[in-house]
Amino acid sequence: MRRLLLLAALTAALAPVGAVSAVQAPPAPGVETGQLGIALLEAPESRRDDPRARIYVVDHLEPGDTIRRQIQVSNTTDETASVALYAASASVQDGAFTFGEGRAANELTRWTTVSPSSVSVPAGGSATAQVTVAVPPDAEDGERYGVVWAEQAAAADAGGISSVSRVGIRMYVSVGEGAEPVSDFTVGQLTATRDADGAPVVQATVQNTGQRALDMGGELSLSDGPGGLKAGPFPASLGTTLGPGDEEPVSTVLDEALPAGPWLARITLRSGEVVRTVEGTITFPDDAKPITVRTLVVAERDGGGDDLGVVVPTVAATLIALVLLFLFLLCRRRDGAEPDETAAAAA
Amino acid sequence: MRHALLVTTAALGLVGGLTLPAGAADTTTTFTLTAGALGVSAPVSKNLGSGSAGAPVSASLGDVTVSDARGTLLGSWTATAVSSAFTTGGATPNETIAATNVTYASGLETGGSGTAVRVPGQLSAAVAVAIDTAKTAFSATGALGTNSTTWSPTVIVSPPSSAVAGTYTGTVTHSVA
């Protein structure tokens, strides 16, 4: 037994750096067997309440800043997996987060290193790696997108399709001096209509009015229906990622059996910590002719992360105003109280 | 007036002290996450079968499963597929089937668990798309908690009439993020 242990220790010592970080730890929970998995292991403290920052690398950096994030690659197959780790480009277009081809590069990927760049993950085990983003001091302002990929290639069989799988963590990195650009969006009026199959559809338009990409998700719930019926929540489907300034329709197709209404429809959309809710009373038409509903924005909630950015300047501005007022009064009193008072009396 | 100057300096100092930490601390401190992983089926190789020049060869790639245990509210993922050219021998023009001649159809989901809106990229082989550039194979939005989705894609390789006889190999890559 001791000899075996010694052998194990020797093997560990001789193994390349990449393999050392591979441990026999159980892979992250929930990953099915026969899979290659990737997980983000840390997120910035300042984004603790942002669900996006828990699954993606989301940050706002100043030129010259460097950030590091631990990631975990898991292998739930019964064979050792040889996995390449790298960052490749991505873009946000047509309401979708779009991956670049292969190892396509952009500014963000050139600033990003993944260490180690390849790792051997034991069967049923996992390995950790570190993603480092170093923004050069002369970087221009703006948001960049990328993906940190874990890629596993299959051995090619003669005369066939060799398959490659890669799974990644999206990166949304904004660069600029000072406070982070705002994330915000508006939801337009609700429309009740029917699709070609006669199923009731609730539609709205969502527009990104901020300066950062948004990962949209949302749900629709119906209440106060005929006989006091309630329905939902139903998931709202829309383009998953909205670039700054982009506009996308959001629609929810409901069951044909649903009574026409009237219903109180409430749609809640969110991206990270930004949540917008609109509601209106809708009645589904008999045919596909859409009915637009006057809607009411019932709740707006922004993330705690942004609050500090608003509160601090407000406090600062109030302080400065108070000090200036104090100085102004002080000077007035010293320099010429009499003429002023005379003028006031004359008026 | 000296009084006034002093007061101004003090006020500005206070303001500076308030604003600085907000920006400076943002990028350095992190906390540990315990959420699960996003996973995709490990790759396998498939025999394409045999065909003749000018006649398409269709093969099932086997099951592709995406499992999402990140547990985020209203999470989403996108899976894309892209192909290389298929070549044989010395990969000369007559020994190459361009990636534009390789089409892909995700078909409907063949399995799944958890709540998500799952959208196939191509409903059936009749609407297969060329995957010389990456095309969306499957996507999920509005995921609530842990979810998984399985599909069984079809890949159709159409050798041009100029293609010489031989054993052709190529690579199909699935990307999920």
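Chain B contains 1 helix and 14 strands, where helices (H or I, at least four residues) and strands (E, at least two) are DSSP runs numbered from the N terminus. The model is predicted, so that local features need pLDDT of at least 70 and side-chain atom pairs count only at pLDDT 80 or more, while totals for chains, interfaces and linings use all residues. Residues are numbered from 1 along each chain as its sequence is written, chains are lettered from A in the order in which they are written, and side-chain values use heavy atoms, with hydrogens and water left out.

**Chain B overall**
- Of its 177 residues, 46% are buried, meaning under 20% relative accessible area, with exposed set at over 50% and partly exposed in between (1.4 Å probe, protein chains only).
- Among contacts (heavy atoms within 4.5 Å) in chain B between residues at least 6 apart in sequence, 78% join residues at least 24 apart.

**Strand β4 of chain A**
- Because 5 of the 5 residues of β4(A), residues 57-61, are buried, this strand is largely enclosed by the rest of the structure.
- Val57(A), Asp59(A) and Leu61(A) are buried on one side, and Val58(A) and His60(A) are buried on the other.
- β4(A) pairs with β12(A), residues 160-175, in the parallel sense over 5 bridges, pairing requiring at least two bridges found by DSSP; Asp59(A) has Val173(A) as its bridge partner in β12(A).

**A loop residue in chain B**
- Val127(B) lies in the loop between β10 (109-120) and β11 (129-130) of chain B, and its relative accessibility is 45%, so Val127(B) counts as partly exposed.
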